[in-house]
Amino acid sequence: NNNRILLPSQSFTSSTSSISSHKQSSSYDVIVIGGGHAGTEAATASARTGARTLLITQNKSTLGELSCNPSIGGIGKGHLVREIDALNGVMGCVADESGIHFRMLNRRKGPAVRGPRAQMDRDLYKMNMQRYLGVSNNDGGDDGEMFYGVENLEILEASAEDLLLEEGVGIEALAPLADPADVDYSSIDSSTAGSPTNKNERIRLEKAKELSSAKANVSHRRARIRGVVAIDTTTKERMEIESTTVVLTTGTFLRGVLMIGHGRYSGGRHLRDSEEVEPPSVGLALTLERFGFPLGRLKTGTPARLDGRTINWEACLIQPSERPALPFSHLRQSRGEQPPLAASGQLIDCYQTATNEATHKLVSDYAHLLPQYDGMDGKGNGPRYCPSIYKKVERFAERSSHNSFLEPEGLNSHIVYPNGMSGPYPEEIQLQIFRTMKGLEKVDIVRPGYDVEYNFVNPQVLTHTLEAKSIAGLYLAGQICGTTGYEEAAAQGIIAGANAGRAAGAAYRGEKAPVPFVLGRDEAYIGVLIDDLVTKGTLEPYRMFTSRAEYRISLRADNADLRLTRKGAEHGLVTDPERLAALDMRQELIASNVDRLRNFKLYVTEWAERGGNDLMGGAAAYRTGRESNKKSAEEVLGMPNVSLKMVEQIMADVFAEDQSAKLSTVDGESTDDQRESAAKLNPTPSSVYDTVEASVKYKSYVVRQEKDIESWRKAQGVKIPPYIVYDHDVMPTFSKEEIEKLDRFRPATFAEASQISGLTPQCLVYLYHHVMKLN
Ligand code: FAD
């Protein structure tokens with residue numbers, strides 16, 4: 001008999017007092033399937049709640065693999081990483097340990113849309129993730145702060161083939177099955193949606209209807225998770241492993257098919273820089289189908305990797321890293337530390353080149369050699385916001401050039417990632433395309449780019465905890481839910497893992513289901529991401545942007561810890577006492593610095609009040625005004641175009657003038673008062689600088705935003721006239737995508753419009769004003 005129950009090898013030790021009565025049993029509380037970005041975050045989050053957790057992954061050596069771009073963060077994505085970190089997650093810490101190039105994107109724009117991004121040393125990221133999880137052979141030696149192994153977490157190298165389920169009607173799900181917020185795509189047929197003339201759009205609508213009716217089936221079934229059937233990678237032994245909950249995070253592996261040119265082969269992804277392919281997950285796809293889960297088909301792609309030794313770097317534009325570098329980890333930031341490789345001066349430069357007309361000609365001429373996909377009329381549903389070079393050339397025909405960043409993959413690697421250049425042409429065509437670009441005239445390819453097409457589950461079948469509505473105890477997270485990107489996957493992983501762990505703990509103790517750990521759209525980008533997925537679903541790979549968040553002025557990368565760490569602690573997710581102590585300290589520091597600005601008075605001339613912001617007038621501009629124009633430094637900072645740096649400069653100038661006036665009257669001796677005021681003039685420390693600036697500058701916006709949201713809520717029932725023309729000439733502020741989607745779905749009310757994936761809150765506000773004008 002090759003069936004056996006796998007027993008946990010270590011006794012349960014709880015890291016939270018709430019589950020400390022939980023004894024060892026012959027099964028796990030939580031099994032996480034898949035060791036990608038969603039899986040590692042889910043497994044560690046579950047373990048932090050005190051649940052005995054097993055991570056099953058096909059190959060331990062691919063834990064921490066960055067399948068595509070060797071970078072973490074960016075606009076919207078960087079916000080997610082900081083939120084994951086605020087919840088004691090893994091991604092930010094490992095990214096700090098492995099980062100070799102750091103930048104704050106949008107630094108010149110407002111703090112709300114600034115996004116931290118760092119390029120990784122691909123090998124280091126993997127190694128550090130494996131060390132964190134305790135599976136690396138490397139015993140670390142001088143490991144600094146790096147944590148080895150996670151309490152309550154075991155890892156098994158196996159392939160999950162099936163789910164063990166207790167089936168039957170009447171099994172209570174952990175969340176209500178009917179969700180009134182569900183969009184019913186079947187109601188959006190061609191009579192209300194207009195007649196999509198474009199074949200692709202018709203197919204897209206058909207697909208939506210198909211997903212919707214499959215969704216209807218699933219909501220009538222009932223089952224409960226009992227465990228997982230897995231095949232040991234080494235021994236090929238079949239195991240039945242029991243567990244109370246399961247988190248499924250199989251990424252692009254569900255019926256994955258890889259494609260280069262017209263060549264197709266089954267697989268989840270290529271093993272790094274080699275011809276070897278990781279096997280697809282077919283058994284699980286069949287199980288999900290058997291339970292009526294609505295599966296769709298999406299695709300994504302990765303560009304060729306280039307040999308850096310054959311690049312003419314001097315012909316390219318240099319992109320240096322920021323120095324000093326800002327870490328992702330709140331803890332590291334509060335300690336005033338830089339990421340380790342930045343601290344030891346080991347950062348690298350990236351470079352920029354661009355496509356040109358010769359590139360575009362090849363891209364178009366050889367389009368007939370691109371793969372034929374299964375989804376979307378053979379064209380594939382790829383990520384709109386991370387398009388292939390072919391899509392860019394087709395979609396933006398008016399542009400004669402597109403930038404590409406050349407990103408070295410590591411400190412000791414000659415492999416270079418050409419960002420923005422995916423395109424699964426046959427290898428020789430890929431080479432010709434690259435060689436048209438400046439600096440790449442003699443480039444060699446190390447491994448050709450390829451696309452992968454895979455099954456995903458329509459996430460509308462999930463609740464906000466990411467639990468399946470039809471199968472109690474089954475959670476889904478990551479690319480399997482229709483997203484793209486490491487950060488989006490990790491963000492879902494932490495929520496699914498936390499809820500699975502908490503639910504299993506409560507079930508073990510015979511308690512009622514715990515309060516779900518759910519983040520609202522007003523609390524976190526993670527909340528926006530999950531709410532978008534489970535209420536609107538997605539028909540193309542979903543990626544996070546700041547424009548998706550209606551509360552983005554409050555949801556900044558700099559204040560993720562202030563928003564989330566305490567809530568994480570209340571739900572057993574933040575278990576590191578140093579994090580809470582650091583949070584207290586940061587809050588005090590922010591408050592004292594805002595107070596300092598509030599208590600420092602400046603005279604503001606009319607010129608300055610009108611928005612004059614240059615420092616040419618210096619202190620004088622702020623001292624010669626009328627008494628009635630006296631303002632606090634806090635108020636001055638709230639004025640347009642004034643930065644905290646400017647205000648602090650003015651304060652220092654004013655103070656210096658006062659001092660020299662006073663010193664001349666007190667025999668050159670400085671008094672205690674003066675010394676105390678001088679101390680208050682220390683510039684805001686870098687660990688709280690962005691937060692102090694943003695909280696003062698955005699104070700009035702936040703109040704206005706809250707009012708807007710309130711009136712928006714009231715507007716949900718307002719009707720949108722059926723005759724409305726969606727056209728760029730009439731609606732210049734709308735993006736091409738927004739016009740396209742509104743025209744395709746033709747929502748009848750604002751409640752319906754708000755369910756359409758990809759419409760930003762701002763777009764809905766514009767639409768509202770437009771409709772009000774028409775009425
Ligand atoms: P993954 O990181 O794919 O991890 C899945 C894990 O599950 C793997 O470890 C796998 O071994 C394991 N697994 C699968 N099936 C089983 C099973 N049955 N049993 C046990 N373990 C199993 N993102 C972007 O943002 N932009 C891009 O341009 C982009 N391009 C990409 C190109 C390619 C070719 C690929 C493969 C991915 C690309 N991505 C891109 C996506 C990015 O890699 C994913 O979004 C992210 O890795 C998803 O994380 P995940 O945890 O959901 O899945």
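Me: At what angle do helix α2 (residues 77–86) and α3 pack?
Reply: In this predicted model, the axes of helix α2 and α3 lie 7 Å apart. α2 and α3 are therefore roughly perpendicular to each other. The packing angle is about 115°.

Me: Which residues of α3 make the contact with α2?
Reply: On the α2 side, the contact uses V81, R82, I84 and D85. By class, the contact of α2 with α3 has five nonpolar, one polar and two charged residues. The α3 side supplies M91, G92, C93 and A95.

Me: Are α3 and α4 parallel, perpendicular or oblique to each other?
Reply: The axes of helix α3 (residues 91–98) and helix α4 (residues 122–133) come within 9 Å. They cross at roughly 135°. Angles over 145 degrees would count as roughly antiparallel, and 65 to 115 as roughly perpendicular. α3 and α4 are therefore oblique.

Me: Does α3 pass α4 in a left-handed or a right-handed crossing, and which residues of α4 meet α3?
Reply: The crossing of α3 past α4 is right-handed. From α3 come V94, E97 and S98. The contact divides into five nonpolar, two polar and one charged residue. The α4 residues are L124, Y125, N128, M129 and Y132.

Me: Which residue in β20 stands opposite M259?
Reply: Strand β9 (residues 257–260) pairs with strand β20 (residues 450–457) in the antiparallel sense. Three bridges make up the pairing. Opposite M259 stands D451.

Me: Which strands are at the edges of the six-strand sheet?
Reply: The order is β15-β16-β17-β18-β14-β19, in an open sheet with antiparallel pairing. Its neighbouring strands are turned by 35° against each other on average, direction ignored. Each edge strand has a single partner, so one side is left without a neighbour in the sheet. The edges are β15 and β19 (445–447).

Me: Which residue in β17 stands opposite A354?
Reply: Strand β16 (residues 350–354) and strand β17 (residues 403–408) run antiparallel. Four bridges join them. A354 faces N403.

Me: Is the peptide bond from R323 to P324 cis or trans?
Reply: Most peptide bonds are trans. P324 sits in the loop between β15 (317–319) and α7 (330–334). The omega from R323 to P324 is near 0°, and the bond is cis.

Me: What phi does L466 have?
Reply: Most residues other than glycine have a negative phi. L466 lies in the loop between β20 and β21 (471–472). L466 is not a glycine, yet its phi is positive, at about 75°.

Terms used: Residues are numbered from 1 along each chain as its sequence is written. This is a predicted model: local features need pLDDT of at least 70, side-chain atom pairs count only at pLDDT 80 or more; totals for chains, interfaces and linings use all residues. Axes are lines fitted to C-alpha atoms, for helices over the stretch in contact, and angles run from 0 to 180 degrees between N-to-C directions. Helices (H or I, at least four residues) and strands (E, at least two) are DSSP runs, numbered from the N terminus. Angles under 35 degrees count as roughly parallel, over 145 as roughly antiparallel, 65 to 115 as roughly perpendicular and the rest as oblique. A crossing is left-handed if the near helix is turned anticlockwise from the far one by less than a right angle, and right-handed if clockwise. Two residues are in contact if their C-beta atoms, placed from the backbone, lie within 7 Å. Ala, Val, Leu, Ile, Met, Phe, Trp, Tyr, Cys and Pro count as nonpolar, Asp, Glu, Lys and Arg as charged, and the others, Gly among them, as polar. Two strands pair if DSSP finds at least two bridges between them.
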